[in-house]
Amino acid sequence: MIVSSAFTIGQVTFVLRVIVQILSYLGPILIGFILLGNIPRLAPIDTHDVVNRIMGASSVTPATCKWILRSIWRNITHPKPPSNLQIILTLSITYSAFVSLSDVGFLGFHVCPVPGPSTMEHPASLDSDDAARAFASSNMINGAELANITAWRCDSSSLIPATSFHNCTSWRNSTYSDPTLFTGINATDSDVLLIRQLRVESILQKSLSRVNMNGFYIGPDTQRLYTPTISNGLAINPHPTGVQIITGIPQLSSYQNVTIPQTMAIEVEVGCMSLGVTTSREMDSTVGVDFFVVDDSWQEYTGPEYLRDVLVQSAEETRTYLRSFFKESTLSSGKLSRSVRNNIYAVWSLAARVTPVILWTRRGGKSGEIDDLLNANCTAALRNHLAPSTSAIGTSAATPAHFLNMCGHFKVQGTMAVQGYSSIEIRRMICASVTQVNMVSASISFSASNQTSVTSMERLPSELNYIRADFPSAVYTTLNRSFLPYERYTLTPSSTGATSHFILHTLNADSMGPGSGASVISTFSRILIDPSRRLGSSVDYAALDLLPAGFTPLANFSTSLVTEWFGQVGGSVASASLTYNGWAARQIPPMLVTSFGGHIGSCYNPKYAVAFIPLVLVVTAVLVWIIVSRFRGSLIGSGRVEDAYTGLAPFSSAVSPDELEEDALLVWEHKGASRPYLRVVEEGQPITGDPSDTALRYFKAHTNSL
């Protein structure tokens, strides 16, 4: 039953307490009025005694107040009342008043969320080996048996002579049904991660015999990930310039948080620099116009500061190439211009979207060739810039440069409305993506509205060790196809180590190989920066390009739209491709998951406690007085005085000089007196008037004589 949706518990309690207090004062008065009309004229002494007590209780407050005022203002001196009596009677009056005042204190009570119990949980909240097995199975392709899928682990590798390839010198292989393979693993080892949708693939060798290899999926889901989430033991946090993946997270519920003192985090950051090259086309026209901004206003950058200088340099190089497509004679208002019709370089789209862009090519040139060159130059400059903190990954000098791209050209397009007219706009930019593998301490919380947030993350100094094995065994060198190598990143604490470890991109992106979790880490940035090569033109990924604005005109075509888009695509890649290894989760020490709300409790606002202070002081004074009086012996025998002052006891001698029996009858009379009085009625003694009348009717009948 809902009592109120507008008032707190304290307010409702206060109202009810005020009503109760009013009734506590008003009730005896009303009952006294009823009693006055029903007191019998003739009744035993105990009846008159009870009536006297009740009437005294109902009138004690006003009578006491009058006495106190009279003793103060009229200066009673015959005899003068003892000061102790004045204090005691004042306490008796104020006590009731302060009891009523204390009801204000109940306004401080209110319902509030209170923390629930704390728990100790492993990553992904896997509290048993059965749960770990079920979790591992759920991340395999449907129907795959754990015992049929090989789990590869390598502890060291070396360079194969006369090649650029590495081979493992210490394999530890088993299947994913074997939990002992992951015994002793720690939270800062990439082998705690697992590629999703693992399956067994049969591969044809050159000899036409077949050998088994793991198949898997690395790539985004069909939708971008817009908000932070906890998924499969990972906290995935897309942000305006990239995405963070913090590993080893329990599955939190509402009002819970967890602090992890040491774990691995994959941090992908993106920076974008505008090129000052835009395309505009009116809605009812088939011809657009390319514009080239010639002054310094073309620069707009979004991303981490350490990428800015490299992207400015690369943007200048791209601009030098693109400027050659404009005639200097078209310069107007700081812009060069040229007409452009629908072609592969200007695909008009009404919907707001982000896509890779292919730079213009001279007649006879190969499409994408200049892109590869410029992106390779940008990548080389970026690698040199990050060299002191980049973990070395063996690469072949003969490998085409675009396989290692960290840079790419992109465009944001959509409609724009100005002064009632709309047009289709395209804005070009160059972007770079880098990946770090760092040791961190982090705090993750899950709010009442089911929102995940990374409340804090601190990078810790560490050393990064990288292991790469290009061929699981010699037999795989005979395969007629490529596959992803086995990779492993291991972080160890070091007070002299770096807090940021940048890694290079993998050589290729495939869906077959040993299937180490580090393979996803190494391909992350390449999937983002080179989506045309990884995702192709498949309709499966069509929704990834679209921005939330849809067909609504964009307020701006800022580089921040693109970096944020990158972070959301990165979150989708992590969610769709990566998971925690269930067996590894059981090896990680459980973490304390605390609650900061979610349970209903009663709380109190301390400022309302002031209302209880007067009552506490009066009670304290009374208790101290009683204790002191007890020690002094001044209260010994007080029961006799109590008996003499209660009921009719003080007046019994006026009624009869002898002690009255409990069943003695008393009757109200007025004969020979100025006011009614009680008289003892002996057995057989006549009574004037009707003895069955009430005292009130008897008093009314003799009003004139009174």
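Here is a chat about a predicted model of one protein chain.

Biologist: How many helices and strands does the chain have?

Modeller: There are 15 helices and 31 strands. This is a predicted model, by the way.

Biologist: And what share of the residues counts as buried?

Modeller: Of the 706 residues, 44% count as buried. Also, looking at contacts with a separation of 6 or more, 74% are between residues 24 or more positions apart.

Biologist: OK, cores next. Which residues touch the most other members of the largest nonpolar core?

Modeller: Those are Y176, Y489, F566 and Y580, in a core of 68 residues. Helix α7, residues 517–529, gives this core its largest share, seven residues.

Biologist: What lies apart from that core?

Modeller: Another core, of 31 residues. Its members include Y321, I370, I430 and A432.

Biologist: Changing topic: how many cavities of 30 Å³ or more does the structure hold?

Modeller: One. The largest cavity has a volume of about 70 Å³.

Biologist: How does anyone find empty space like that, and what does the probe show?

Modeller: You roll a probe the size of a water molecule over the atoms, and that shows where empty space is left.

Biologist: Nice. Which residues line the largest cavity?

Modeller: The lining is W152, R153, Y176, F182, D191, L193, L194, P514, G515, S516, G517 and N581. By class, that's six nonpolar, four polar and two charged residues. You've met Y176 already, as one of the residues touching the most other members of the largest core.

Biologist: Let's zoom in on T579. Where is it found?

Modeller: T579 is in strand β27, residues 578–580.

Biologist: Is T579 buried or exposed, and why?

Modeller: T579 counts as buried because its relative accessibility is 0%, and the cut-off for buried is under 20%.

Biologist: What joins the side chains of T579 and N139?

Modeller: A polar contact of 3.3 Å. Leaving aside neighbours within four places in sequence, T579 is in contact with residues including N139, F135, V192 and N232.

Biologist: Last one, S511. Where does it lie?

Modeller: S511 sits in the loop between β25 (502–503) and β26 (512–513). With a relative accessible area of 28%, S511 is partly exposed.

Biologist: And which residues does S511 touch, not counting those up to four places away in sequence?

Modeller: R199, N214, G215 and F216. Separately, the C-alpha atoms of S511 and L484 are separated by 7.2 Å, with the two residues 27 apart along the chain.

Notes: Residues numbered from 1 in each chain as written. Predicted model: local features only at pLDDT ≥ 70, side-chain atom pairs only at ≥ 80, totals over all residues. Heavy atoms only, no water. Core = buried A, V, L, I, M, F, W, Y, C linked by side-chain atoms within 4.5 Å. Buried < 20%, exposed > 50% of the residue type's maximum accessible area, 1.4 Å probe, protein only. Helix = DSSP H or I, 4+ residues; strand = E, 2+ residues; numbered from the N terminus. 1 Å grid on protein atoms, 1.4 Å probe; cavity = no way out; pocket = protein on both sides within 12 Å on 5 of 7 lines; lining within 4 Å. Points joined across faces, edges and corners; volume = space filled by probe spheres on them. Nonpolar A, V, L, I, M, F, W, Y, C, P; charged D, E, K, R; others polar. Polar contact = N/O pair within 3.5 Å; in protein donor to acceptor, adjacent residues only side chain to side chain. Contact = heavy atoms within 4.5 Å.
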